[in-house]
Amino acid sequence: MSRPAEEGIPEETTPLLEELAGRDGPAVIAIDGRCAAGKTTLAERLAREAGCAVFHMDDFFLPVSLQTPERLAQPGGNMDLERFLSEVLRPLRAGKEVTYRPYDCAEDRFGDAVTVPAGDLSIVEGAYSCHPSLCRLYDRRIFLSVGKEEQIRRIRQRNGEEGLAVYLQKWIPMEERYFLQCDTKNRCDLCIDV
């Protein structure tokens, strides 16, 4: 089901919180979608409403030392999906606390360890969060889309002209290839156009 969002923050996501609140065991929501579509904004809003933790896929880019042409040719190959699965997603599903070290791709280094206590609900946000290797481990999957002109306007405002050029040349083509080859939108329970 695809619906337009009001003011960039989709209200129809709130029932997901109510639906998952009463279930036994921990629940995990994934928010995937196009860059500058509002994934982080939505995740933060839902986390405030539910009082839960948010995990960012941006903390799991593949370190430069592991980047090979073969790996980067794979859809989602620029992400350290294996590390995300073992350090975050499997512990969340098991109801355990999560400890991981965010990777800073601009600095090509790992930050200090972050520990997040176990919770009844967690949110994972970011492109590649619904990769086929991860998708089945979520209770609900949301896909956010944004029109090309609005996407460019948002990226320009957030990252400037140089940043926009990098997105247009590198990040957007990689994401679009992932969306197409992995049929990402059709793997999601709720698709929202912002």
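Over which residues does pLDDT stay under 50? The stretch is residues 1-9, for which the model has 17 contacts beyond four places in sequence, a contact being heavy atoms within 4.5 Å. Here pLDDT is the predictor's confidence in each residue, from 0 to 100. The mean pLDDT of the protein chain is 90, and 90% of its residues reach 70 or more.

This is a predicted model, in which local features need pLDDT of at least 70 and side-chain atom pairs count only at pLDDT 80 or more, while totals for chains, interfaces and linings use all residues. Residues are numbered from 1 along each chain as its sequence is written, and side-chain values use heavy atoms, with hydrogens and water left out.

Helices (H or I, at least four residues) and strands (E, at least two) are DSSP runs, numbered from the N terminus. Strand β2 (residues 27-33) runs parallel to β9 and is joined to it by 5 bridges; two strands pair if DSSP finds at least two bridges between them. Strand β10 (residues 190-193) also pairs with β9 in the parallel sense, over 4 bridges. Ile-142 of β9 stands opposite Ile-31, and its bridge partner in β10 is Leu-190. Buried means under 20% relative accessible area, exposed over 50%, and partly exposed in between (1.4 Å probe, protein chains only).

In soluble globular proteins, nonpolar side chains tend to be buried together. A nonpolar core is a set of buried Ala, Val, Leu, Ile, Met, Phe, Trp, Tyr and Cys residues joined through side-chain atoms within 4.5 Å. The largest one has 39 residues, and Phe-84 and Tyr-138 are among those with the most contacts inside it. Helix α5 (148-182) gives the most to this core, with 9 residues. A second, separate core of 18 residues includes Ile-31 and Leu-190.

Two residues remain. Asp-80 sits in the loop between α3 (69-72) and α4 and, at 9% relative accessibility, counts as buried. Its side chain reaches the backbone nitrogen of Arg-83 at 3.2 Å. Not counting residues up to four places away in sequence, Asp-80 touches several residues, including Phe-60, Pro-63 and Arg-71. Ser-86 lies in helix α4 and is partly exposed, at 41% relative accessibility. Ser-86 and Val-98 are 12 residues apart in sequence and 9.8 Å apart in space, C-alpha to C-alpha.

Note on methods:
A polar contact is a pair of N or O atoms within 3.5 Å; within protein, one must be able to donate a hydrogen and the other to accept it, and residues adjacent in sequence count only if both atoms are side-chain atoms.
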